[in-house]
Amino acid sequence: MILSLLSSIFLAVCSVNASPAYLGIQKTPLIRDPDKKHVNVMYSNELGKRDDTVYVERHRNGYYCAYLVTSSTSVFKVVVDTGSAYTWVGAMQHNPYVMGSASIATGIHSEASYGDDPENLMTFVGETYNDTIGLGALIVHSQGIGVPTEVANFPEGIDGILGLGPTIMSAAVTPDNEPAPTVVDNLYIQGSISSPLLGFYFPPGPAGSSGLLSFGHIRESVLTSDVKYVPVSSVFPVYYSWGIDAGMMYGNIALFTFGSGVLDSGSPRITIASAAFSEYAWATSGTLHPSGLLAITKDQYNNLETLRIHIGDQFYHLGPNAQIHARSTLNSQIWLVIQQQPAGSNIAFSLGIPFFQRYYVVLNSESSEIGFASHIHTDSTTN
C-alpha cells in the first residue's frame, strides 16, 4: 500500500537530515519488560520454540497479513506492507484498540493515505500510542502505533497495517514531519535482532495459505539460489522508499529499458507506466476493463510470454501463471495482475504481491540494499 504517490513522503523528508533507508539509530541492550506476561505471544509450530520468524496468512482479498498483539492482549490482523512505515491497528469497529498495561497516549496526531487511485484512496486519521506489542514470539517495547478516529475504504476483515518501509517514510504521517522508529528499528535497538534486515517468503496459494516473514535473518531453507543484492535506488522519489532500478521485457518486447520503482508488499498487483502498459496490453491482446484490469481468454493465456524484470545483473522471470490473478476468482475470463500506473504517477513501476510470491525478497536498511533469490515455489503453477 504505497503511500499516496510518494509525494507526501518527499515533502515530509525534505527537512529531515537523514539517510533515506536507515537513520543510524544505535543498538542498545534489550531491556526486558516486566509486563511482557500480559502479551499473548504466539509460537512457531515449525520450530517449537521462540523464533524471529513470523507466520503470515494470505487474506481472502490477496493481502498477506501478520497477527499483532498489544499489551491488552488484543489481537489484530495487519497487512504486511513495505510501502509505508507507520504501524496502526483498529480499523474494524468490532475490534478496537484497547489501552493495556504498557499503553501511553502520546498526543501525536497522524494521518496517512494509501493507494494509487485518487478517487478511492484508503485513508487513516488518528492518534499515536506507545505500547508493547508482540509479533510471533518477538516482543517490541514502546512501539509507536496509530489508533484511528477515522478510516475510509479499508479492506474488510483487516485491522490495520504493519509498516515495514524505511524509517524516513514515517515522517509523512505526522504534523512535525519527524521520522519515528519503525518496528524493525525498535527490534534492532532493543537487541531482539542482530541486524535491521527483513526476509519475505510469500509463496503463492489460496486464501488461508501461509508464508514467512523473518526479522534479522534470511530463511535459507526455502531458497533455491543465492541472494543477489542491489543498492536502494538513488533516483528521486523512490530513493525514500524500498526503491530499485530495473528494466522489463515481455517476451522479446522491451517494455522499458530503465526505470525506477518500488517494492510494495501491500499491493495486490504489479503496475507499470502508461507507455509500457500499452505495449503489454497490445502484446497480450488483453481487453481493458473499467476496473483497470486486463482480461484475456483461455486461448490467449496459452500464448502468454514470460515477463522478465532486469534488476542489477539478473533477470527475474514471471511466467504465464505468475501474471494472472488467483484461479479461484476466474470465470470465462482470466485477469492479469499487470496494471497501469495512475495518471500523474512519478514512478516507473511498482512490484507488488505477484512478485513477492515468486521471489524471496531481502530488505536491509543498515546497508541500504535489497536482495532477491528464487525459492521452492518460484515456478509453482498455483497462484
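**Exercise 1: Aromatic pairs**

With a relative accessibility of 11%, Y97 counts as buried, a label given to residues under 20% relative accessible area (1.4 Å probe, protein chains only). The model is a predicted one, in which local features need pLDDT of at least 70 and side-chain atom pairs count only at pLDDT 80 or more, while totals for chains, interfaces and linings use all residues. Residues are numbered from 1 along each chain as its sequence is written, and side-chain values use heavy atoms, with hydrogens and water left out.

Task: classify the aromatic pairs Y97–Y129 and F200–F356, and locate the partners of the latter pair in the chain.

Solution. Rings of Phe, Tyr and Trp (its six-membered ring) pair if their centres lie within 6.5 Å, and planes under 30 degrees apart count as stacked, over 60 as edge-to-face and the rest as tilted. A search of the whole structure finds 16 such pairs. For Y97 and Y129 the ring centres are 5.4 Å apart and the planes meet at 50°, so this pair is tilted. Y97 belongs to the loop between β4 (88-89) and β5 (104-114), whereas Y129 is in strand β6, 32 residues apart. F200 and F356, by contrast, form an edge-to-face pair, with 5.5 Å from centre to centre and 75° between the planes. Because F200 lies in strand β9 and F356 in helix α5 (residues 353-356), the pair ties together parts that are 156 residues apart in sequence; helices (H or I, at least four residues) and strands (E, at least two) are DSSP runs, numbered from the N terminus. F200 is buried at 0% relative accessibility, and F356 is likewise buried at 0%.

**Exercise 2: The surroundings of S209**

Solution. Begin with the position of S209, which is in the loop between β9 (197-201) and β10 (210-215). Next, a polar atom of the S209 side chain lies 2.6 Å from the backbone oxygen of P206.

Key
A polar contact is a pair of N or O atoms within 3.5 Å; within protein, one must be able to donate a hydrogen and the other to accept it, and residues adjacent in sequence count only if both atoms are side-chain atoms. Buried means under 20% relative accessible area, exposed over 50%, partly exposed in between (1.4 Å probe, protein chains only).
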